[in-house]
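Work through these exercises with the model in view. Try each task before reading its solution.

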Amino acid sequence: MKTLRQLEDENWRLKQMVAARAGHPGTEGDHRKKLVRPKAKRMAAQWMAERFGLSLRRVCQLGDVDRNTLRYQSRRSDDQRLRARVREMAEAKRRYGCPRIFVWLRREWWRVYAKRIYRLYTEDGLTVRTKHRTKAAGLARVLQPRATAPNQRWSMDFMSARVADGRWFRILTIVDQFTRECLCMAAGQSFTGEKVAEAWEPVVVHRGTPCSITVDNGSEFASCVTDAWAYRHGIQLEFIRPRKPVEHGFIESFNGRLRDECVTVGVCFTLEYVRATFARWQEDCKFTRPPSALQDQAPATFAADWVATVQTAHASPELLETLT
């Protein structure tokens with residue numbers, strides 16, 4: 001089989017040399033490919049008419065091409081303005097893929113379809129490179145109930161990164177499982193139980209106390225200080241099983257997007273610069289970024305629509321006070 005493949009390759013190279021010497025078109029690639037697309041058939045028919053001085057009728061007879069295919073004039077609108085806007089969005093949000101750019105365009109009242117945006121997106125080579133990792137499915141023994149209202153269940157975790165001089169720093173992130181809102185992004189060199197409680201305090205004062213917070217088994221969350229603070233505020237800490245990050249999917253997904261769209265895009269010069277960058281990204285994540293789990297709505301918009309729906313359903317004043 002190996003010898004046969006070598007002979008076939010040698011035969012193909014000889015045919016290509018003969019075709020190139022004869023002046024046939026398409027000698028750069030494999031001339032054995034069929035002309036399937038109408039554009040390729042039109043180009044081949046035009047070349048035959050110019051090369052041999054044939055009429056279009058005769059070319060259609062020899063090449064088995066419909067004359068309507070040769071006479072077709074494209075009515076596609078000019079995509080230069082739309083293409084320029086897509087490139088501007090891809091440059092502004094370097095880790096946004098084609099679906100999010102499409103949602104962004106629809107918010108700006110562009111009357112376009114997703115396939116058209118995908119065509120321009122791929123033609124300009126704007127595809128985001130991602131690492132496809134194999135994920136093992138995990139099933140918990142007792143499934144935790146999903147959040148059915150804002151401020152009901154939170155998720156909290158840490159992630160680590162480095163500044164420009166090589167020093168490590170940690171980021172404490174808190175996410176509302178129902179609205180996907182980022183409630184806290186605290187950066188620091190190290191975190192103890194006291195510092196975690198200090199980071200929680202302004203969030204609880206502004207947002208209110210949730211029913212439960214899902215955390216992992218880190219020493220910061222399992223400390224006596226954190227446990228006492230949660231007990232004092234009437235918050236239940238729900239620990240996931242050891243070595244089961246799949247049970248912490250909300251915050252793991254958010255931290256992945258944070259690292260992909262914010263941390264690795266720029267250079268973290270100092271800790272103060274990191275805090276300012278995170279504050280801007282948190283604002284953008286709340287009011288602009290469209291999570292697919294919310295039907296491409298921003299978290300703030302989704303939360304406002306949910307409150308309006310509850311008000312329409314004549315919710316109790318106590319529930320509305322808790323939601324707002």
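**Exercise 1.** How many aromatic pairs does the structure hold?

Solution. The model is predicted: local features need pLDDT of at least 70, side-chain atom pairs count only at pLDDT 80 or more, and totals for chains, interfaces and linings use all residues. Residues are numbered from 1 along each chain as its sequence is written, and side-chain values use heavy atoms, with hydrogens and water left out.

Apply the ring test: rings of Phe, Tyr and Trp (its six-membered ring) pair if their centres lie within 6.5 Å; planes under 30 degrees apart are stacked, over 60 edge-to-face, the rest tilted. The structure holds nine such pairs. Take Tyr96 and Trp104: their centres are 6.3 Å apart, with 70° between the planes, and the pair is edge-to-face. Elsewhere, ring pairs join Phe158, Phe191 and Phe221 into a cluster.

**Exercise 2.** Is Tyr96 buried or exposed?

Solution. Buried means under 20% relative accessible area, exposed over 50%, partly exposed in between (1.4 Å probe, protein chains only). Tyr96 has 5%, so Tyr96 is buried. Val267 has 46%, so Val267 is partly exposed.

**Exercise 3.** Where is Val267 found?

Solution. Look in the loop between helix H10 (249-263) and helix H11 (271-287). Helices are DSSP runs (H or I) of at least four residues, strands (E) of at least two, numbered from the N terminus.

**Exercise 4.** In which strand is confidence highest?

Solution. The chain averages 81. Strand E2 (residues 168-176) is highest, at 92. Helix H13 (residues 317-323) is lowest, at a mean of 54.

Definitions and conventions. pLDDT is the predictor's confidence in each residue, from 0 to 100.
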